[in-house]
Amino acid sequence: MDGKTVKVGILGASGYTGGELLRLLLRHPRARLSLLTADRNAGKPIDVVFPHLAGYGLPLLTSVEHADWSDVDVVFCGLPHGTTQEVIAGLPNHLKIVDLSADFRLSDVETYSEWYGHAHRAPALQREAVYGLTEFARAAVGNSRLVANPGCYPTSAQLPLVPLVEAAAIDADDIIIDAKSGVSGAGRAAKEGSLYSEVTEGIHAYAIASHRHAPEIEQGLSAAAGRPIKVNFTPHLMPMSRGILASIYVRLVGGATVADLRAILARRFEGEPFVRVLGEGVSPATRHVRGSNLCLMSVFADRLSGRAIVVSVIDNLVKGASGQAVQNMNVMCGFPETMGLEQVALFP
């Protein structure tokens, strides 16, 4: 696709990830938005859903059922979990697809069934899907037709942990991931737990020992370790719109030091446009990545001997969802990986 413009469709354009895709792609020099679906708002202009996107000449919203695929090259699927498998199975074969739901992230269909409560509805497509944590899967993403975009928590955890597990610098059987997310991670649909009065002025853990991102994290770390790995993962909801901060507690092995961990990460991500390893004593914060496709990480010595604390932050709607999806599209289409993603983080 060298020198060409790709025609892009977004399924589920009325959700948070759909709106973020629109924000990013409107400034992508090689993407033209040609199809937007939002079944409940079919036939309406996008500014009915997102007033801030008025005036850009975007196509009217339509239903998936009435979508015209003849003018589309790349599709982003931002539909709810459990609905995407059948939709994607029915799409024309000429389309490149980036799925932002969880429907193709778990390579083992039995594991998917266990955690999502129903049988996988497109097992043949699952064998074709590539798990698109871009920094670790560029070659596979570049040759794929269907990319499963990683979840937000798994992105924040795997980026620092995979290199450390691969290097055998930490005990892969002793990993604790304590992660906090903004409310947008729950999606845009009305839910009691996302109401202002339920979230503001407090913090709470949820899906304790049962969050569906746990097997996704374990899948990546097991591949890095070459054997099955389980982690202790607890998510928390924070009274903020966007952002994820993961505090990850690990045990050093093989004589490794905190400085060694920092050096492993610095080497692994040298030259990476979206991952930055901070210097000794510098603590990343969600406000440092807001609106950007960055992941910032740092390593600290624990007060407990032989242990370390890794802190990782991302914007859950950008690097944790739509930004990483655009990054994957760029790789799939042969574009510069940073195209359309050059935004500097908003601060304060």
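Visitor: Which strand is Val98 in?
Guide: Val98 sits in strand S5, which covers residues 96-99. Bear in mind that this is a predicted model.

Visitor: Is Val98 buried or exposed?
Guide: Buried. The relative accessibility of Val98 is 0%, and the cut-off for buried is under 20%.

Visitor: What is Val98 in contact with, leaving aside its neighbours within four places in sequence?
Guide: Val75, Phe76 and Cys77 are among the contacts. Val147 and Asn149 also touch Val98. Ala325, Met329 and Met332 complete the list.

Visitor: And how far is Val98 from Gly220?
Guide: Their C-alpha atoms are 19 Å apart. Along the chain, Val98 and Gly220 are separated by 122 residues.

Visitor: Back to S5. Which sheet order includes it?
Guide: The order is S3-S2-S1-S4-S5-S7-S6. That is an open sheet of 7 strands, and the pairing is parallel.

Visitor: Which strands stand at the edges there?
Guide: Strand S3 (61-62) and strand S6 (130-131). Each has a single partner strand, so one side of each has no neighbour in the sheet.

Visitor: How many bridges join S4 to S5?
Guide: There are 4 bridges between them. S4 spans residues 74-77, and the two strands run parallel. As one example of a facing pair, Val74 is opposite Lys96 in S5.

Visitor: What about Cys295?
Guide: No disulfide there either: the nearest cysteine sulfur to that of Cys295 is in Cys152, 13 Å away. Cys295 counts as buried too, with 0% relative accessibility.

Visitor: Switching to the other open sheet. What is its strand order?
Guide: S9-S10-S8-S11-S14-S13-S12. This open sheet has 7 strands with mixed pairing. Strand S9 (204-205) and strand S12 (275-277) are the edge strands, each pairing on one side only.

Visitor: Do S11 and S14 run parallel or antiparallel?
Guide: Antiparallel. Strand S11 (residues 244-252) is joined to strand S14 (residues 307-314) by 8 bridges. Within that pairing, Ala246 has Ser312 of S14 as its bridge partner.

Visitor: Now pockets. What volume does the largest pocket have?
Guide: About 1300 Å³. Its lining has 48 residues. Nearest the centre are Pro80, Ala186, Gly187, Arg188 and Lys191.

Visitor: Which elements give two or more residues to that lining?
Guide: Three helices: H1 (16-25), H6 (152-166) and H10 (318-333).

Visitor: And how does the lining of the largest pocket split by class?
Guide: It has 18 nonpolar, 24 polar and 6 charged residues.

Visitor: How much space lies in the second largest pocket?
Guide: About 370 Å³. The second largest pocket is lined by 22 residues. Closest to its centre are Tyr16, Ser184, Ser241, Arg242 and Leu317.

Definitions and conventions
Residues are numbered from 1 along each chain as its sequence is written. This is a predicted model: local features need pLDDT of at least 70, side-chain atom pairs count only at pLDDT 80 or more; totals for chains, interfaces and linings use all residues. Side-chain values use heavy atoms; hydrogens and water are left out. A disulfide is a pair of cysteine sulfur atoms within 2.5 Å. Buried means under 20% relative accessible area, exposed over 50%, partly exposed in between (1.4 Å probe, protein chains only). On a 1 Å grid over the protein atoms alone, a cavity is a set of points where a 1.4 Å probe fits but cannot get out, and a pocket is an open set with protein on both sides within 12 Å along at least five of seven lines; lining residues have an atom within 4 Å of a point. Grid points are joined across faces, edges and corners, and a volume is the space filled by probe spheres set on the points. Ala, Val, Leu, Ile, Met, Phe, Trp, Tyr, Cys and Pro count as nonpolar, Asp, Glu, Lys and Arg as charged, and the others, Gly among them, as polar. Contact means heavy atoms within 4.5 Å. Two strands pair if DSSP finds at least two bridges between them.
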